[in-house]
Amino acid sequence: MKKLSKILTVFVFMCIAFLISIGTHTNVYASELTSDDVLINAGFDEELVSKLSDYTKDNLAYQVLNEEGFGYEVMSMSETDTGEPVTRGQIPDDDLFIIITTSIAKVEDNKVKEIKVKVYYEWTDNPFWRTQDPIVVNWDNEKLEYKAESFHAEDRYITDDGEDKSHIKRDTYYERNNDTLCWYADLKVGSLVLYGFGEFTLSVKEDYQSYGSSILGVTYVHSKMGITVGISVYAEVGCEIPGTNNDQMSTDIGFNWNMPLLLTPADYGFEQQYFF
């Protein structure tokens, strides 16, 4: 009996050691992943990732790893929502990237209550004109509505010495109506890398909280001389944009939500375990 007890004790300790070694291996492997690794494994183009600032990459990687239902769309200045090149303007392809992301921000009582929207902009080659560029997001107000006081935006830059700095942080937008929100990216003057983001939350209306799908429209306008904005004037994107002296690009991002949420993690290069 003593011999059997001793064997069982050794077996238990061996099992515990084995489980600890698995957990240690998984944690170490996950901790070795860089933001670049996470984004590339999530489907981001490797060349795009190499051009983004560390700040943007770290924020995107955090979203990929931590936000339910994460989805994204990437566009560059010469790309339109039809995928055809824009012939007007002075901004070459890949000088400016816009990354639109959506994710589920709040689940309550087995219903999706809120959707998070975040729009990044990043100049990989600095524009000649440095003013304020409007960014416009529109949504389906039958299903979604803006959550009060949820907006936040930051404009950042990297100096010639490689120092990453904040230019402006703000919690106020330029203008908003029932299905459109507009704010300005403030492009700091100087020989700098320019980038930033704006984010806000959309509340899901009651009839669509169990399941639904929708489309966001995003437009970025680069001001080369001046621009007039009034979101009640231009129906499609909510902006009145002069036909000259500006470059602009638009795209859509579709997303959907369902309850109960299905745990379908992307392959980020390390094990994810779920216990039920």
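**Notebook: cores and salt bridges in a predicted model**

I began with Val119 and looked up its contacts, leaving aside neighbours within four places in sequence. Val119 is in contact with Ile98, Ile99, Ile100, Ile135, Val137, Trp183, Gly196, Phe197, Gly198 and Val218. I note here that the model is a predicted one.

Next I asked which core holds Val119. Val119 belongs to the largest nonpolar core, which has 36 residues. Val119 is listed there among the residues with the most contacts inside the core, together with Ile98, Tyr121, Trp139, Trp183, Phe200 and Tyr220. As a general remark, nonpolar side chains in soluble globular proteins tend to be buried together.

I turned to the chain as a whole. The chain has four helices and 12 strands. Of its 276 residues, 42% are buried. I looked up contacts between residues at least 6 apart in sequence, and 73% of these join residues at least 24 apart. The chain exposes about 15200 Å², and carbon and sulfur atoms supply 50% of that area.

My next entry concerns charged pairs. How many salt bridges does a search of the whole structure find? The search finds 11.

One of them joins the side chains of Lys57 and Asp36, at 3.2 Å from N to O. Lys57 lies in helix 4 (residues 54-66) and Asp36 in helix 2 (residues 35-41), so this pair ties together parts that are 21 residues apart in sequence.

I then examined Glu114 and Lys147, whose side chains meet in a salt bridge at 3.1 Å, N to O. Glu114 lies in strand 3, and Lys147 in the loop between strand 5 (144-146) and strand 6 (152-158), so the pair ties together parts that are 33 residues apart in sequence. Glu114 is buried at 10% relative accessibility, while Lys147 is partly exposed at 33%.

For Asp164 and Arg156, I recorded 2.8 Å between the closest N and O atoms of their salt bridge. Here Asp164 is partly exposed, at 31%, and Arg156 is buried, at 11%.

Lastly, I noted a network: salt bridges with shared partners join Glu67, Lys116, Lys118 and Glu199.

Methods
Residues are numbered from 1 along each chain as its sequence is written. This is a predicted model: local features need pLDDT of at least 70, side-chain atom pairs count only at pLDDT 80 or more; totals for chains, interfaces and linings use all residues. Side-chain values use heavy atoms; hydrogens and water are left out. Helices (H or I, at least four residues) and strands (E, at least two) are DSSP runs, numbered from the N terminus. Buried means under 20% relative accessible area, exposed over 50%, partly exposed in between (1.4 Å probe, protein chains only). Contact means heavy atoms within 4.5 Å. Accessible areas come from the Shrake-Rupley method with a 1.4 Å probe; for residues, only the protein chains shown count as cover. A nonpolar core is a set of buried Ala, Val, Leu, Ile, Met, Phe, Trp, Tyr and Cys residues joined through side-chain atoms within 4.5 Å. A salt bridge is a side-chain nitrogen of Lys or Arg within 4 Å of a carboxyl oxygen of Asp or Glu.
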